[in-house]
Amino acid sequence: MIYIWRHIWFTFVFIAMFDFATAQTEQEQFDQGVELLNDNQYKKAKYAFYNLSQNYPTNARYHYYLGVSKLKLSDPSSALVDLNKSISLDPNAKEAYFNRYIANNATRNFQFALADISKYLEFYPNDTISRLNRFALSRYMNEVEEAIEDGKWLISHKIGEDSLVNSLILLLTNEKRDVDLKGILDDVIHISSDNHWWYFERAMVQYRLNQFESSLKDLERFLIVEPKYIPALKLRFDNNFYLRNLPLCEKQIDELIQLDSKNGTFHGDCGHILLQKGDWRGAVKQFNNAIKYKSEHLGYTYLGRGIARYNLGDNKMACEDWEKSLLLGETTARRFISKYCD
């Protein structure tokens, strides 16, 4: 009888000691798992956190570290399962959102990745790496609002090279968001006024926004540094053409033709200036060159040559030019055909 009670007593003590050791082992297992992770022993870390997540399935931290271990082992699909579990157990697990962003991005679940990095930025709005990551992802996805927000933040904090600004310029240009683009360039020039290329970029935007005088001011600043840059000289001519500064336009288009005598667009522009002056023969000559050198605006070129020929009394050839113009998409030609041609 004494032996039986002694056996029961030792069994009770052993169970109590086992429970105490188990409680200690949980913390020791976790510390060891973190140490293994920090030592780049990812397979062993994965095993340690797997055991913890199985033994304590409601502990979000263990699922999180298991997901991180799998990410380190280049297994993002499996990591997503654990990170999803971690966030479902603890929606405020801040770091879990960033790592789930990595996993979603790696598995090309870009919409979910964008949502995760945006959630992470709600917790850490001044995290530079996250801003750069979201900017790259939103630009790739053409999510313009996020790209604008992060682009402005990065520019205001003087983060990112000129390539960042150029990628934002390209995105907003493609989306025809010129008002937003001008605001970005205003900020860029305010921060880095010594980069003359930003003045040229803003001049182009202002031209598209019909802000011709402002565009000319930026071009004046740019051309001090790049006096023979043909795209800028052409943009200067276009601004003056819309402002009806015709004598100045004639001088500027002559300069462009001297720089590139086989540019059909320049000859076409010159022909339209001569039309304004009533120099019909000179206009026809320039329009002929524009057609010969394949102007970018052939429909507009044929329209102009038709007007010049009509004023020279050559109705038949004028109508032929207007028909070609209409076929090339210049709808204004229809009015001349209806009025002057059979």
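## Exercises on a predicted helical model

A search of the whole structure finds 1 cavity of 30 Å³ or more. A cavity here is a set of points on a 1 Å grid over the protein atoms alone where a 1.4 Å probe fits but cannot get out. This is a predicted model, in which local features need pLDDT of at least 70 and side-chain atom pairs count only at pLDDT 80 or more, while totals for chains, interfaces and linings use all residues. Residues are numbered from 1 along each chain as its sequence is written, and side-chain values use heavy atoms, with hydrogens and water left out.

### Exercise 1: the cavity

Find the volume of the largest cavity and describe its lining.

*Solution.* Start with the volume, which is about 40 Å³; a volume is the space filled by probe spheres set on the points, and grid points are joined across faces, edges and corners. Next, pick out the lining residues, those with an atom within 4 Å of a point: Thr265, Gly268, Asp269, His272, Ser295, His297, Tyr300 and Thr301. Two or more of the lining residues come from each of helix 15 (264-277) and helix 17 (298-311). Helices are DSSP runs (H or I, at least four residues), numbered from the N terminus. Helix 15 gives the most, with 4 residues. Last, sort by class: the lining has 1 nonpolar, 6 polar and 1 charged residues. In this count Ala, Val, Leu, Ile, Met, Phe, Trp, Tyr, Cys and Pro are nonpolar, Asp, Glu, Lys and Arg are charged, and the others, Gly among them, are polar.

### Exercise 2: helix 16

Work out the span of helix 16 and list its buried residues.

*Solution.* Helix 16 covers residues 280-292, 13 residues in number. From first C-alpha to last it reaches 18 Å, close to the 18 Å expected at 1.5 Å a residue; the expected span is 1.5 Å times one less than the number of residues. Now look for burial (buried means under 20% relative accessible area, exposed over 50%, partly exposed in between, with a 1.4 Å probe and protein chains only). Gly282, Ala283, Val284, Gln286, Phe287 and Ala290 are buried. These buried residues pack against helix 14 (246-259), helix 15 and helix 17. After the helix comes lysine 294, with a positive phi near 60°.

### Exercise 3: arginine 236 and glutamine 252

Is glutamine 252 buried or exposed, and what does arginine 236 touch?

*Solution.* Glutamine 252, in helix 14, counts as buried because its relative accessibility is 6%. Arginine 236 lies in helix 13 (residues 230-242) and is partly exposed, with a relative accessible area of 22%. For contacts, take heavy atoms within 4.5 Å and leave out residues up to four places away in sequence: arginine 236 touches Leu216, Leu219, Leu223, Gln252 and Glu255. With the same exclusion, glutamine 252 touches Arg236, Phe237 and Asn240.

### Exercise 4: the nonpolar cores

Which members of the largest nonpolar core touch the most other members?

*Solution.* A nonpolar core is a set of buried Ala, Val, Leu, Ile, Met, Phe, Trp, Tyr and Cys residues joined through side-chain atoms within 4.5 Å. Of the 44 residues in the largest core, the answer is Ile155, Leu168, Leu172, Trp198 and Phe237. Another core, of 29 residues, lies apart from it, with Phe30, Phe49, Tyr97 and Leu114 among its members. Finally, return to tryptophan 198: beyond four places in sequence, its contacts include Asp162, Val165, Leu185 and Ser192.

Terms used: On a 1 Å grid over the protein atoms alone, a cavity is a set of points where a 1.4 Å probe fits but cannot get out, and a pocket is an open set with protein on both sides within 12 Å along at least five of seven lines; lining residues have an atom within 4 Å of a point.
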